[in-house]
Amino acid sequence: MRETLVLNASFEPLSTVSLRRAVVLVMRDKAVVEQAHSGLLVRAAQVELPVPQVIRLRRYVRVPFRQRAPWSRRGVLVRDRHRCAYCGRRATTVDHIVPRSHGGGDTWLNTVAACAADNHRKAARTPGQAGMKLLVKPFEPTPADALLLALGLTEGESLPEWLTLPATA
Ligand SMILES: [Zn+2]
């Protein structure tokens, strides 16, 4: 899989991201192409974009984001694409898998997005105690995910349908 190097606005290397993500960053005006594969183009309805090897963010991102994404409720909702981990419907709340009253912490692995109804039903119990099943496994965002969270742009916001990517070369 082709990876694109992401530089901070200060030209400091931050991370690599997939080509799809790199294209989204450029299309959303979050980054500019610094170096591209010669002769390869990403075709869109109105635009032809050189396939980026290196992109540079327009806005400076603070360095800690490149290592680990700090936990936040918003971050959990974004990571889980606002889908309830118990029923798959739209989630607006964050559930602690091991409740805080049982010592569960504010961590990426202990929290999932949940709809208000399921969060209320589960209450201060573990999924096992509540007889509820997790449909997804929580994960810690990778440095690339962390970068996209920092930019307010995530995989959930997919490429526009009219954008086609070239076959891997
Ligand atoms: Zn639910």
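The model is predicted; local features are given only where pLDDT is at least 70, side-chain atom pairs count only at pLDDT 80 or more, and totals for chains, interfaces and linings use all residues. Residues are numbered from 1 along each chain as its sequence is written. The score pLDDT is the predictor's confidence in each residue, from 0 to 100. Its mean over the protein is 82. A value of 70 or more is reached by 80% of the residues. Residues 158-169 have a pLDDT below 50. Beyond near neighbours in sequence, this stretch still has 16 contacts in the model. Two residues are in contact if their C-beta atoms, placed from the backbone, lie within 7 Å. Where pLDDT is low, the predicted coordinates should not be read in detail.

The protein has five helices and six strands. Helices (H or I, at least four residues) and strands (E, at least two) are DSSP runs, numbered from the N terminus. Their order from the N terminus is β-β-α-β-β-α-β-β-α-α-α. Among contacts with a separation of 6 or more, 61% join residues 24 or more positions apart.

Four strands form an open sheet with mixed pairing, in the order β2-β1-β4-β3. Two strands pair if DSSP finds at least two bridges between them. β2 and β3 stand at the edges, and each has a single partner strand, so one side of each lacks a neighbour in the sheet. Direction ignored, neighbouring strands are turned by 35° against each other on average. Strands of a sheet pair through backbone hydrogen bonds, either parallel or antiparallel. Both senses occur in this sheet, where the pairing is mixed. β1 (residues 3-7) pairs with β2 in the antiparallel sense over five bridges. β1 and β4 are parallel and share three bridges. L5 stands opposite T16 in β2, and L5 also stands opposite V54 in β4. β3 and β4 run antiparallel and are joined by eight bridges. Within this pair, A36 has P52 of β4 as its bridge partner.

Helix α1 lies across β1, β2, β3 and β4. The helix runs at about 85° to β4. Axes are lines fitted to C-alpha atoms, for helices over the stretch in contact, and angles run from 0 to 180 degrees between N-to-C directions. In α1, the residues R21, A22, V23, V24, L25 and V26 are buried. A residue is buried if 20 or more other C-beta atoms lie within 10 Å of its own, exposed if 12 or fewer, and partly exposed in between; C-beta atoms are placed from the backbone. Across the 169 residues of the protein, 27% count as buried.

The largest nonpolar core has 17 residues. Such a core is a set of buried Ala, Val, Leu, Ile, Met, Phe, Trp, Tyr and Cys residues joined through C-beta atoms within 7 Å. V6, A22, L25, V26 and I55 have the most contacts inside this core. At least two core residues come from each of β2 (13-18), α1 (19-27), β3 (31-43), β4 (48-57) and α5 (143-150). α1 supplies the largest share, five residues. A second, separate core has twelve residues, including L77, A85, A91 and C115. V6 is in contact with L14, S15, T16, V17, I55, L57 and L147, leaving aside neighbours within four places in sequence. In soluble globular proteins, nonpolar side chains tend to be buried together.

Most residues other than glycine have a negative phi, and most peptide bonds are trans. F11 is not a glycine, yet its phi is positive, about 75°. F11 is found in the loop between β1 and β2. F11 counts as exposed because it has 10 C-beta neighbours inside 10 Å. D29 counts as exposed because it has 9 C-beta neighbours inside 10 Å. T107 lies in the loop between β5 (93-96) and β6 (111-114). With 14 other C-beta atoms within 10 Å, T107 is partly exposed. T107 and V76 are 31 residues apart in sequence, and their C-alpha atoms are 9.3 Å apart in space.
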